[in-house]
Amino acid sequence: MIDFTEKTYAALRKQMLESVPDIYDKRDTAPIPTALSPAAYVFEGFYLSLDLVQRQAFVQTAVGASLDLLAPLGGISRYPASPAVRLGVFNTPVPLGARFSTINGAESINFVVTAQEDTPNQYQLTAETAGAIGNEYSGPILPITSVQGLTSAQITDILIPGDDTETDEALRARLVTALTEKPFGGNIASYRAAILEIDGVGGVQVYPTWSGGGTVKCSVLGADLLPASPELVERIQTAIDPQRTGAGLGIAPIGAQVTISAPEKVEVSVSAVVTLAAEYDLEQVQPLVEASIEVYLRSVRQAWDTQLGSGTVEYAADVYLSRVLAAIVGTTGVVNAVSIQLNGGSEDLILTETGALQQVPTLGTVTLRE
């Protein structure tokens, strides 16, 4: 890539003036510098545009629509936003297609009844607005469609989390992977690519021959980076290998018996003795510390499906004591922290990632003392 950063107005003007013989007057107010200055200004704009065009031509630096145009090189495209599917609980049967609205002010969105659950008066509600906004509200909802006998309507569990449009950073990483790790014939890359394309999926670990020849285990996180719901697991199972028969009725090759599952959630409880700045107290600091630790645990979940090496199938989602300490000490109002414990112990929390059991960390209780 050519470096155009030095092609500034001042540098270009100086270069042009140096090409003029010194026998001519080159002082700022003289005719020659006055004539060359507008040209230097125009050339600077030209080089800025040229630098932008150059950056948009490479996977490593392209953004937005330019990155979208490069994505087909790897046989992929940007994931669009997907709507959340939530559980609606009512006091009476409601018809499919009935619409309801959340009641959280400017953030309110509408949901439509799309399927009935096995439990009476419980239904799947699909957000009319795609994106993670559909995951946020829980509580009473108001009917837009008139429903006879309706006196109670609640939106509760997230069945399939909604996801925002894929970011440039995520698309770039996926494109680089697609260009370097070719999905083929039921290899790990092919299972990852197929499952990650399904709405609501945020991560997947793939374990070949986990229970004998021809078996494959795929453990899935939702788009919210939490264990996939039973509904999402069933949707993926149906798409990949219905009934786990290996009959080739789904995306999986004939003979591959694929099991789709969700990892086990491991709550990480943290306790610490903290020293606070003079103007702070525990009540002020508590929610800030919890948010800081959650940011760290989310980063662990984001890397949960990253293979540790190219020669083996290994994953890790360990929670390190030093990283939790850094999260606490890095919180506004905290001067120092000692006696850090994770789930009652003073060592790193090593989670299990095998074909038989996969674990993912979530935030439990946070206990702070002075």
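## Second largest pocket

Ile 158, Leu 159, Pro 161, Gly 222, Asp 224, Leu 226, Pro 227, Ala 228, Ser 229 and Lys 265 line the second largest pocket of this predicted model. A pocket here is an open set of points on a 1 Å grid over the protein atoms alone, where a 1.4 Å probe fits, with protein on both sides within 12 Å along at least five of seven lines; a lining residue has an atom within 4 Å of a point. The space in this second pocket is about 170 Å³, a volume being the space filled by probe spheres set on the points, which are joined across faces, edges and corners.

By class, the lining of the second largest pocket has six nonpolar, two polar and two charged residues. Ala, Val, Leu, Ile, Met, Phe, Trp, Tyr, Cys and Pro are counted as nonpolar, Asp, Glu, Lys and Arg as charged, and the others, Gly among them, as polar.

## Basis of the values

The model is predicted, and local features need pLDDT of at least 70, side-chain atom pairs count only at pLDDT 80 or more, and totals for chains, interfaces and linings use all residues. Residues are numbered from 1 along each chain as its sequence is written, and side-chain values use heavy atoms, with hydrogens and water left out.

## Largest pocket

The largest pocket holds about 1500 Å³ of space. Its lining has 47 residues, of which Arg 174, Arg 192, Leu 196, Gly 202 and Asp 305 are the closest to the centre. The lining comprises 19 nonpolar, 16 polar and twelve charged residues.

Elements that each supply at least two lining residues are α4 (168-180), α5 (188-196), β7 (201-208) and α7 (282-302). The largest share is that of α4, with seven residues. Helices (H or I, at least four residues) and strands (E, at least two) are DSSP runs numbered from the N terminus.

In total the protein has eight helices and twelve strands. Six of the strands close into an antiparallel barrel, in the order β1-β4-β3-β2-β5-β6. Direction ignored, neighbouring strands of this sheet are turned by 45° against each other on average; axes are lines fitted to C-alpha atoms, for helices over the stretch in contact, and angles run from 0 to 180 degrees between N-to-C directions. Two strands pair if DSSP finds at least two bridges between them.

Strands β2 (residues 99-102) and β5 (residues 139-143) are antiparallel and share three bridges. Ser 101 has Leu 142 of β5 as its bridge partner, and Thr 102 has Ile 141. Strand β5 is also joined to β6 (residues 153-160), by two antiparallel bridges, with Pro 140 opposite Gln 154.

## Open sheet

An open sheet with mixed pairing has three strands in the order β11-β10-β12. Because β11 (334-342) and β12 (359-369) stand at the edges with a single partner strand each, one side of each has no neighbour in the sheet. The twist averages 35° from one strand to the next. Strand β10 (residues 264-276) runs parallel to β12, joined by nine bridges; Val 266 stands opposite Pro 361.

## Overall dimensions

The radius of gyration of the protein is 28 Å, whereas a compact globule of 370 residues would have one near 21 Å. This radius is taken over C-alpha atoms, and the globule rule is 2.2 Å times the number of residues to the power 0.38. Along the principal axes, the C-alpha atoms fill a box of roughly 95 × 60 × 55 Å.

Of the 370 residues, 41% count as buried, where buried means under 20% relative accessible area, exposed over 50% and partly exposed in between (1.4 Å probe, protein chains only).
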